[in-house]
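Take a look at the model below.

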Amino acid sequence: MSERTPDEAWAAQAGQRLREAERELPDGVVEQLQVARAQALETALQSGGGDRWRMAGLGGAGAAAAALVVFVALNSAAPDLDALPLMDEAELAAAQEAELLEELEFLAWMVAQEQADATAGKG
Amino acid sequence: MIAVGMFCFMADEALNQFLASVEKRAYSMALVAVNNSADALDIVQESMLTLARKYADKPPAEWTPLFYRILKNRITDHHRAATVRRKLFGWFSRDDDTDADAGIALAPAPEADEPARRYELNGTVDELHDALHALPPRQQQAFMLRCWEGLDVRSTARVMGCSGGSVKTHYSRAIHALRAQLEDSGDV
């Protein structure tokens with residue numbers, strides 16, 4: 001097992017403290033979060049749950065009609081900014097190139113940081 | 001039909017358990033980002049509603065990155081709205097008084113050898129929250145997702161909508177900035 005760097009050790013401690021603190025939220029906040037969760041589940045039941053009931057009962061023809069509706073909705077709706085981004089082959093290749101450039105930029109920045117720290121130490 | 005009913009119940013229970021598992025962390029993250037308890041609660045509520053309304057039928061394995069992406073977007077929307085209000089009215093400030101969420105003073109790090117001391121995280125959680133709040137948004141996001149939530153680089157990149165290299169850069173800069181600020185606060 002490789003040893004942690006100082007940054008990794010520090011980050012691990014910070015993450016642990018943050019997770020410990022979130023368990024100590026005020027009771028009023030916890031109650032409000034529970035209310036929000038209940039409202040979200042009610043929404044899921046009214047929208048997603050209802051659709052599941054209907055689609056289960058329609059059979060093959062109903063499923064085809066539903067697929068057509070979904071196709072039209074997807075092609076006419078505004079872009080969903082909350083959806084996770086997907087990439088095709090060309091985008092993936094470009095992203096990997098960009099990632100390589102960013103790695104090089106990151107390394108250059110690290111070297112500059114170390115040089116600055118060394119200079120500050122001497123001064 | 002009974003089988004479908006059972007399926008629906010199990011799916012809703014799975015969503016309930018997921019939301020229960022993330023709600024406190026999501027609120028804490030939103031609070032750090034926007035510095036206001038009421039706004040943080042609104043952001044979490046909107047995020048839960050969006051996930052339930054639009055993505056409840058996705059595989060549960062997708063809920064974590066989806067939820068945090070929604071949360072990130074809602075926080076960004078909040079900052080944009082606040083910026084517009086500031087420009088229009090001039091008296092809004094990002095440095096709003098925080099609600100009286102009691103700081104949790106943790107025991108100071110024990111005395112240790114000099115090489116180990118520099119690894120220690122000193123100070124209160126409030127100071128850590130303040131330092132995290134002061135980070136640029138992308139560094140803040142990367143730190144919260146990687147360090148606080150524990151997402152890997154790939155998942156973090158999907159949530160943030162950037163490459164893995166960008167995630168590593170933002171995360172590393174965040175750690176350096178946080179350590180510098182907390183060490184400069186005089187608690188080392």
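**Two chains, question by question**

Chain B has a secondary structure of 8 helices and 0 strands. Helices (H or I, at least four residues) and strands (E, at least two) are DSSP runs, numbered from the N terminus. This is a predicted model in which local features need pLDDT of at least 70 and side-chain atom pairs count only at pLDDT 80 or more, while totals for chains, interfaces and linings use all residues. Residues are numbered from 1 along each chain as its sequence is written, chains are lettered from A and ligands numbered from 1 in the order in which they are written, and side-chain values use heavy atoms, with hydrogens and water left out.

Q: How many helices does chain A have?
A: Read chain A from the N terminus on, and its elements run α-α-α. It has 0 strands. The number of helices is 3.

Q: What percentage of the residues in chain B is buried?
A: Buried means under 20% relative accessible area, exposed over 50%, and partly exposed in between (1.4 Å probe, protein chains only). Of the 123 residues of chain A, 24% count as buried. Chain B has 188 residues, and the buried part is 46%.

Q: What share of the accessible surface of chain B belongs to carbon and sulfur atoms?
A: Accessible areas come from the Shrake-Rupley method with a 1.4 Å probe, and for residues only the protein chains shown count as cover. Chain A has about 8,600 Å², with 61% from carbon and sulfur atoms. Chain B has about 9,300 Å², and there the share is 54%.

Q: Which residues of chain A are in contact with B:Leu19?
A: Contact means heavy atoms within 4.5 Å. Leave aside neighbours within four places in sequence. In chain B, the partners of B:Leu19 are B:Met48, B:Leu51 and B:Phe67. In chain A, they are A:Arg37, A:Ala40 and A:Leu41.

Q: Is B:His129 buried or exposed?
A: B:His129 lies in helix α5 (residues 125-133) of chain B. It touches A:Leu18, B:Val32 and B:Trp148, not counting residues up to four places away in sequence. Its relative accessibility is 18%, so B:His129 counts as buried.

Q: How many residues of helix α6 of chain B are buried?
A: This helix covers residues 137-149. Its buried residues include B:Phe143, B:Trp148 and B:Glu149.

Q: Which residue forms a salt bridge with B:Glu149?
A: A salt bridge is a side-chain nitrogen of Lys or Arg within 4 Å of a carboxyl oxygen of Asp or Glu. Here the closest N and O atoms are 2.9 Å apart, and the partner of B:Glu149 is B:Arg25. The pair sits in helices α6 and α1 of chain B, so it ties together parts that are 124 residues apart in sequence.

Q: How many residues apart are B:Glu62 and B:Arg158?
A: B:Glu62 and B:Arg158 form a salt bridge, with the closest N and O atoms 3.6 Å apart. B:Glu62 is in helix α3 (residues 60-89) and B:Arg158 in helix α7 (residues 153-160) of chain B, and their separation is 96 residues.

Q: Where do B:Asp77 and B:Arg74 lie?
A: B:Asp77 forms a salt bridge with B:Arg74, at 3.4 Å between the closest N and O atoms. B:Asp77 is partly exposed at 36% relative accessibility, whereas B:Arg74 is buried at 15%. They are 3 residues apart, about one turn of the helix, and both lie in helix α3 of chain B.

Q: What is the phi of B:Asn35?
A: Most residues other than glycine have a negative phi. B:Asn35 is found in the loop between α1 and α2 of chain B. Its phi is positive, near 65°.
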